[in-house]
Amino acid sequence: MPELTSEPKQESVADKATTTPGSIFDDVESKLRAASDENTLTLWADIRAAFDEGGPSDVKAVIEDRVKHSILAAEKDLKQVRSVTKSATPKKKAPAKKVAASKRVVKK
Amino acid sequence: MSSQKLRLARLRAEGFRGICDPIDIDFHEQTTVLSAPNGSGKTSILGAIEWALFGELKYQPKENATNDELVNIRHRTQTATVTIDLKDDDGIASITRTKKAGKRATEVIVRLPSGEECVGPEANSALFRLLGLTFDDFYRAVYLHQESIRGLLTDEPRVRNDALDRLFGVEKLRNMLKALSGSTKPVRDALNKLETSETRATDKLTGAVGVVQEQWQHARDEAEKKGLSESELTFTTVTKLAQEVNGNLAKLAEATSAPIKDLLEPEDADGVDTYSRRVNEAIKVIRLTATNAASAANTAKEIASVDGALTTLQRLSGLVGDTKENLKELQATYGDLGTLAEQKKSTEVEVQRYREAQERLGISERIVQDTLTYMEASTDETNCPACGQEIKRDGLIARLEGHLTGEIRGEIEAAHSAEIERRQKIGDLDAAITKRDRLLKDQKEYADQFSEAKSIARNLLIGEVSDDGLTEALGVQKEKLLQQTEIVDVERNKREEEIDTVLTSMERLREIGRFLKLDATFQEASSRLGNDDEDSSVAKQQIESLSILEDGIRTIADVVTANASTRARNEVDGAQVEISRLYKELCNHPYFDDIQISVESKVLSGVESNEYLIRTNSSTDSRHTLASSRLSTAQMNCVALSVYLALASQLQHNLGFVILDDPSQNLDTEHKQALVNILSRKAPQLQVIIGTQDSELDELIVSSAAKESFHRRRLTWSPITGSAVVAEDG
């Protein structure tokens, strides 16, 4: 082989082709797998897919979607809490309503 | 796989960017020079290679969503087609890519040396296996684009760092890091917002639970006071009471013919209020229907009218009688009341007569008085001065005095008394006339009113009634009406007793309903509050989820940062010797004869990024300085070429060619010669494709190489045909 075959210091790109199209993110992923929990790995998988699909803006969109989802779910729950609080909170006293009273006639 | 790398053998293209009509270029195994003035289509041809291999152009801004900038605007079918042949020991691999204007998709067909033909996604995978490198790495290892050189030559550190990031293959990591850093704040903001909202909502709920608990206790106490035991405070009791109420209402409706609909029993505690409202409405309808309000009102009105007529008749009867009596009395005093005026007139005549008598008597009095005065003064006179008759003076005087004091004065006084008497009589007559007139007027008015009252009274009665019998008849009528009212009242009292039963049931029902509602609210509020041992609420789960997301982003960002830094350092370290060697040869600087690149971490806008410091060294006295501050643009261009050519040797892939787009920018003849020397040295092992407008570089290549070791392709361009190959040699 010509001089281009000098030993590279990184993994061969061609080798990566046997798994997924070789990516600089493979190294990040292997490090995350070694040190992170399942949640982080799932998040990374989503982020990586978004980046491959549409770049940084899609990554932001993925995270914003998650935030939005959490906010919506939490707000919905808090709305119910507020509703319960409202129903449990004493209302301002309204003017007394006329109660249907007996209409018997007493002879004087 | 072949031990020989793939070399570019042939390119056929039409309708791609500056290429309109078909062109066909075969490439030399060692060196091919595409020589032409600016704007003749060199970059289009080099771009066609890039596009055929990867389906995109790195530095070409997109015109629209369908990337129509790729298609030549004058091409007859508005279709870009590029076919390249790659050759190795195994044979020729052919890649054809086609794209129509206005269409997003490109079609790619890969024919492998084995004869296998791949299309669609399969073609892309086959292509990747064939080339052995990504699009980004293609730019680092194969294609030295003008933009890559330009980035290194800039004075702006951020742009230079970006360019070097691209060259060292960490651009994606840097972009990923920016995206992650930009996403941290929204997550933190959302967390803060939700935590605040959740705390506030929980605090309020806690307060409300306390209040509702008090109300719940109070409602239970009130229910107990109303005789409801704790076991009765259930919805079953509500249903039972509602059934009772419905039964009673149905009886009342039947008895009174009230048009009320069947009431549905409440389905839950919340339905009690609605049910209660409907029961009240039903009671209202029953009362209205039973009372026959219009009839009752008429009876009351009738009683009032009879009563009023009776009173009026009695009052007017009295007044008429009184007036009559007064007139009688007046008549008794003054006689015929019609002659009162005449009586007055004759009395006035009498007054006049007595007045005149008094005047006459006054004259007589004065004469007698004068005579007396004369007689008393004329004591000598013995005869009458008038008639001369002898006068007996003393006797005359005595007689005159007696006449004066006795007769005359007595007559005057009598006349005066009579006058006064008559004048009083006149006053009495005046008063009598006035009284008579008033009484007569009253008599008439009362008579009219009486007549009208009688007429009204007759209207209130049935049948003919005489004037005298009117009062009695009205009295009877009134009594009859009162009896009717009494009967109605008895019925109503009976009904109201039944309604009272309903109302009592309803009161108990409402009390239970109130308690049940409070109980439900209390239970719900208490359950929403949860207990401290478990974070059961969705809001808390979402806060936890966001917290995990924040931690995850931070962890990923840390790993990406570390990776970007490590990768860049490794790349620089790995290429450093080759960069130094190429720099020495290319630049041949008389003093700064070496170059070193170091990578440091720098935080920019909250994002940790790589900062590349390119320092030039002097081996003679070991002094060094920043390259950008000491080297000329041409020398910096040599630095860029050194970095690129060194990295091209660094990566392992399957392509055996490099593409240089206008590499001699800013270089003088000496530097160009150095570049040609390096490329000539590489050419036997590495196919070199150069696009240049530099005739000097062109000549240097031609003169430095054996004729059989290169192809020279001269290009022209016209608006109609696009790029065309006009001359070939070499």
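Trainee: Which exposed residues sit on the face of H2(A) turned away from its buried side?

Mentor: A:Arg33 and A:Ala34 are the exposed residues on that face of H2(A). First, some ground rules. This is a predicted model, where local features need pLDDT of at least 70, side-chain atom pairs count only at pLDDT 80 or more, and totals for chains, interfaces and linings use all residues. Residues are numbered from 1 along each chain as its sequence is written, while chains are lettered from A and ligands numbered from 1 in the order in which they are written.

Now the helix itself. H2(A) spans residues 25–35, and its buried residues are A:Phe25, A:Val28 and A:Leu32. Buried means 20 or more other C-beta atoms within 10 Å of a residue's own, exposed means 12 or fewer, and partly exposed lies in between, with C-beta atoms placed from the backbone. Viewed down the axis of H2(A), the buried residues fall within an arc of 55°, so they line one face of the helix. That arc is taken from the directions from the helix axis to the C-beta atoms. The buried residues of H2(A) pack against H3 (38–54) of chain A together with H13 of chain B. Helices here are DSSP runs of H or I with at least four residues, strands are E runs of at least two, and both are numbered from the N terminus.

Step back to chain A. It has 4 helices and 0 strands, in the order α-α-α-α. Of its 108 residues, 26% are buried.

Next, the interface. In total, 54 residues of chain A are in contact with 70 residues of chain B. Contact means C-beta atoms, placed from the backbone, within 7 Å. H1 (13–16), H2, H3 and H4 (56–88) of chain A each supply at least two residues of the side that touches chain B. H4(A) gives the largest share of that side, 19 residues.

Follow H13 into chain B. Chain B has 17 helices and 15 strands, and 33% of its 730 residues are buried. Its largest nonpolar core holds 165 residues, where B:Ala48, B:Ile556, B:Val560, B:Val639 and B:Ile659 touch the most other members. Such a core is a set of buried Ala, Val, Leu, Ile, Met, Phe, Trp, Tyr and Cys residues joined through C-beta atoms within 7 Å. H13(B), residues 538–587, gives this core its largest share, 18 residues. Domain 1 (1–136 + 660–666 + 690–730) and domain 2 (226–291 + 472–525) of chain B both contribute residues, so the core lies between them. Those bounds come from an automatic or database domain assignment. A second, separate core of 11 residues includes B:Leu310, B:Ala453, B:Ala457 and B:Leu474.

Finally, E12(B), residues 657–661. It is mostly covered, with 5 of its 5 residues buried. B:Phe657, B:Ile659 and B:Asp661 point one way, and B:Val658 and B:Leu660 the other way. E12(B) runs parallel to E8(B), residues 143–144, through 2 bridges. Pairing requires at least two DSSP bridges. B:Leu660 is the bridge partner of B:Leu144. E13(B), residues 687–692, also runs parallel to E12(B), joined by 5 bridges. There, B:Val658 has B:Val688 as its partner.

Conventions:
Contact = placed C-beta atoms within 7 Å.
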